[in-house]
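Please consult the sequence and the model shown here.

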Amino acid sequence: MNNKSRFLRGTYFDYTTLFLTLFLTGFGLVMLYSASSFVAHRDYNDNAFYFRKQLIIALGGIFVMLGISFYRYQRLKKFSILLMLGVSVLLFLVLFIGVDNNGSRRWMNLGPISFQPSEVAKLVLIIYMAHICTTKSGLLHTLYGTIKLAAPVIGVVIMVAVSNLSTAIICAMIVVGIWFIATPKPIYIVPVLILGIAGVLFFVNNQSYRGDRITAWKDPESSYQTMQALYAIGSGGMFGRGLGQSIQKKGFIPESYNDMIFSVICEELGIVGAAGILLIFVFLLWRLRLIAEGAPDRFGSLMVCGVIVHLAVQVIVNVSVVTNVIPNTGVTLPFISYGGTSILLLFAEMGLVLSVSRQIVPRGREEVVT
């Protein structure tokens with residue numbers, strides 16, 4: 001077998017990234033049980049109802065991650081356009097046949113399986129953007145070429161925004177992040193950013209409840225959820241009440257085990273515990289940066305950069321919402337908040353990262369990967 005075409009399995013594997021991912025998942029399960037046990041007992045007479053569902057999906061996600069880590073990620077190039085078409089169809093269909101939840105159609109049911117196409121869009125956009133910025137990099141040198149490349153992804157982001165503006169913003173940040181890293185002409189991104197800001201303003205004004213969230217952000221006392229989350233953070237102090245001792249999770253904080261789980265972390269583990277978890281996220285992002293720098297090709301590097309942007313933006317947005325730095329957007333905390341589709345897709349992303357890490361050629365070896 002030609003050394004230049006051989007997939008160097010086993011020559012390198014980032015066990016630190018794997019450990020950090022598993023640690024955050026394990027910590028998330030512990031906090032999920034703590035944050036959801038009261039509501040689960042009240043609604044289902046089963047303290048572990050939400051914990052059990054998340055545990056099953058997390059275990060499945062770990063196998064998905066490890067399986068993808070052995071997959072040669074370069075093969076995804078030939079599927080990227082097909083994946084974009086597929087997710088576009090799903091996003092279109094969910095607007096008409098999706099499950100209505102709180103006035104928004106975000107979920108699709110396939111028999112016993114429910115999922116959010118908008119979460120799938122995040123992963124697909126990472127793969128697609130890494131692909132086109134690699135194979136069509138010449139178009140990034142002109143404004144016309146940049147707009148031409150942007151058209152398909154803008155269409156996907158708009159379809160996501162119709163039912164889920166917060167996820168659309170994260171999708172847009174993933175696109176812009178990969179774009180900014182790949183393009184030699186960052187100035188060409190400005191028109192797209194202006195278009196994106198105009199789109200956000202349009203969707204905010206199009207739905208009254210989105211405008212209400214901005215009003216609540218300006219006057220937090222008018223938002224019950226925000227105030228209860230801030231009470232939880234304040235009552236936790238420096239070292240917290242202790243694991244499992246949160247008071248606000250007992251029916252006071254809506255979505256205490258989902259979007260607002262960071263407030264429970266602050267109440268039970270204090271500022272020190274919450275800061276420690278944020279440092280773990282920072283360490284994970286740093287490891288991903290090293291993998292992106294050592295990737296054997298541009299496609300792998302940009303794909304890892306997309307995962308970095310996704311994780312960083314989602315953590316920042318979630319923590320900012322809980323602390324009322326920005327208006328409430330309903331974004332989960334990666335690996336920790338309750339949500340089957342979210343954590344499964346995160347594991348898939350980490351599987352791609354580990355697949356890239358497997359092809360990093362250690363110093364001193366003559367083989368290269370193409």
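## H10 against H12

H10 crosses H12 in a left-handed sense, a crossing being left-handed if the near helix is turned anticlockwise from the far one by less than a right angle, and right-handed if clockwise. The model is predicted: local features need pLDDT of at least 70, side-chain atom pairs count only at pLDDT 80 or more, and totals for chains, interfaces and linings use all residues. Residues are numbered from 1 along each chain as its sequence is written, and side-chain values use heavy atoms, with hydrogens and water left out. Helices are DSSP runs (H or I, at least four residues) numbered from the N terminus.

Helix H10 spans residues 261-294, and its axis lies 10 Å from that of H12, at an angle of about 45°. Axes are lines fitted to C-alpha atoms, for helices over the stretch in contact, and angles run from 0 to 180 degrees between N-to-C directions. H10 and H12 are therefore oblique to each other; angles under 35 degrees count as roughly parallel, over 145 as roughly antiparallel, 65 to 115 as roughly perpendicular and the rest as oblique. On the H10 side the contact (heavy atoms within 4.5 Å) is made by Leu284, Leu288 and Ile291, and on the H12 side by Met350, Val353, Val356 and Ser357. Six of these residues are nonpolar, one is polar and none is charged. In this classification Ala, Val, Leu, Ile, Met, Phe, Trp, Tyr, Cys and Pro count as nonpolar, Asp, Glu, Lys and Arg as charged, and the others, Gly among them, as polar.

## H2 against H12

Helix H2 (residues 49-69) packs on helix H12 (residues 340-358) with the axes 7 Å apart and an angle of about 25°. The two helices H2 and H12 are therefore roughly parallel, and H2 passes H12 in a right-handed crossing. Residues of H2 in this contact include Gln54, Ile57, Ala58 and Gly61, while those of H12 include Gly340, Ile343, Leu344 and Phe347. The contact of H2 with H12 comprises 13 nonpolar residues, six polar and one charged.

## H4 against H12

H4 and H12 have axes 9 Å apart, at an angle of about 15°, which makes H4 roughly parallel to H12. Their crossing is right-handed. Glu119, Val120, Lys122, Leu123, Ile126 and Ile127 of H4 meet Thr341, Ser342, Leu345, Ala348, Glu349 and Leu352 of H12. Seven residues of the contact of H4 with H12 are nonpolar, two are polar and three are charged.

## Cavity and pocket

One cavity of 30 Å³ or more is present. On a 1 Å grid over the protein atoms alone, a cavity is a set of points where a 1.4 Å probe fits but cannot get out, and a pocket is an open set with protein on both sides within 12 Å along at least five of seven lines; lining residues have an atom within 4 Å of a point. The largest cavity has a volume of about 40 Å³, a volume being the space filled by probe spheres set on the points, which are joined across faces, edges and corners. Its lining consists of Met129, Ile132, Cys133, Leu149, Ala150, Val153 and Trp179, with at least two residues each from helix H4 (117-135) and helix H5 (143-163). All seven lining residues of the largest cavity are nonpolar.

The second largest pocket has a volume of about 530 Å³. Of its 21 lining residues, Val157, Ala172, Val192, Gly196 and Ile197 lie nearest its centre. H5, helix H6 (165-182) and helix H7 (189-206) each contribute at least two residues to the lining of this pocket. That lining has 19 nonpolar residues, two polar and no charged.
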